[in-house]
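Let's walk through this fold together, from the whole chain down to single residues. Have the sequence and the model side by side as you read.

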Amino acid sequence: MDRELARARTFARLLDHYGLDAALGFVLPGLGDVIGAVLGLYIVGLALRRRVSAVVVARMVMNLAIDLAIGLVPIAGDLADFAFRANTRNVALLEARATGRPRAGDWLLLAAVSAGFVAALAGSVYLVVAAVRWLAG
């Protein structure tokens, strides 16, 4: 086991297992969740330095984005942060996918989340347009 990977495991344990990520979100609502996501980019940066597949890196970023979105929900989101553990998931992805090609599940998850994002974006635009039309009379 190399030192960088050991540091990443320790970092993930500090953020996820000991609850630093959830505590940041609780103490600094919104901003703490963003700080937690930015800290999680350390593991993504390690994956990039190790030239892990772009699909796996995208999956790691999605884990951070999901963790951020969950954490933005007041109180319940901070409690859910303990269960999701994005950084621990990212270290596991880094260890499992450090060599070789991305798996079919990586592509499927990326496609599903991308489709969900596009649908949410389209729905948001639709709601804004409908609200503006309604307000305009």
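Of the 137 residues in the protein, 32% are buried, where buried means under 20% relative accessible area, exposed over 50% and partly exposed in between, with a 1.4 Å probe and protein chains only. Keep in mind that this is a predicted model, in which local features need pLDDT of at least 70 and side-chain atom pairs count only at pLDDT 80 or more, while totals for chains, interfaces and linings use all residues. Residues are numbered from 1 along each chain as its sequence is written, and side-chain values use heavy atoms, with hydrogens and water left out.

What's it built from? The protein has seven helices and zero strands, so you read α-α-α-α-α-α-α along the sequence; helices (H or I, at least four residues) and strands (E, at least two) are DSSP runs, numbered from the N terminus. Along the principal axes, the C-alpha atoms fill a box of roughly 65 × 35 × 20 Å. Contacts here mean heavy atoms within 4.5 Å. Of the protein's contacts with a separation of 6 or more, 69% are between residues 24 or more positions apart.

Now for the inside. The largest nonpolar core holds 17 residues, and I43, A47, V52, M60 and L94 touch the most other members. Such a core is a set of buried Ala, Val, Leu, Ile, Met, Phe, Trp, Tyr and Cys residues joined through side-chain atoms within 4.5 Å. Helices α1 (3–17), α3 (31–49), α4 (54–71) and α6 each give two or more residues to this core. Take A47: leaving out residues up to four places away in sequence, A47 touches V52, V57, M60 and L94.

Next, look at V91 in helix α6 (residues 86–97). Is V91 buried or exposed? V91 counts as buried because its relative accessibility is 5%. Beyond its neighbours within four places in sequence, V91 is in contact with A8, R9, A12 and I43. W107 sits 16 residues from V91 along the chain, and their C-alpha atoms are 18 Å apart.

That brings us to the end of the chain. Helix α7 (residues 104–136) has 33 residues and reaches 48 Å from its first C-alpha to its last, close to the 48 Å expected at 1.5 Å a residue; the expected span is 1.5 Å times one less than the number of residues. Just after α7, G137 takes a positive phi of about 95°.
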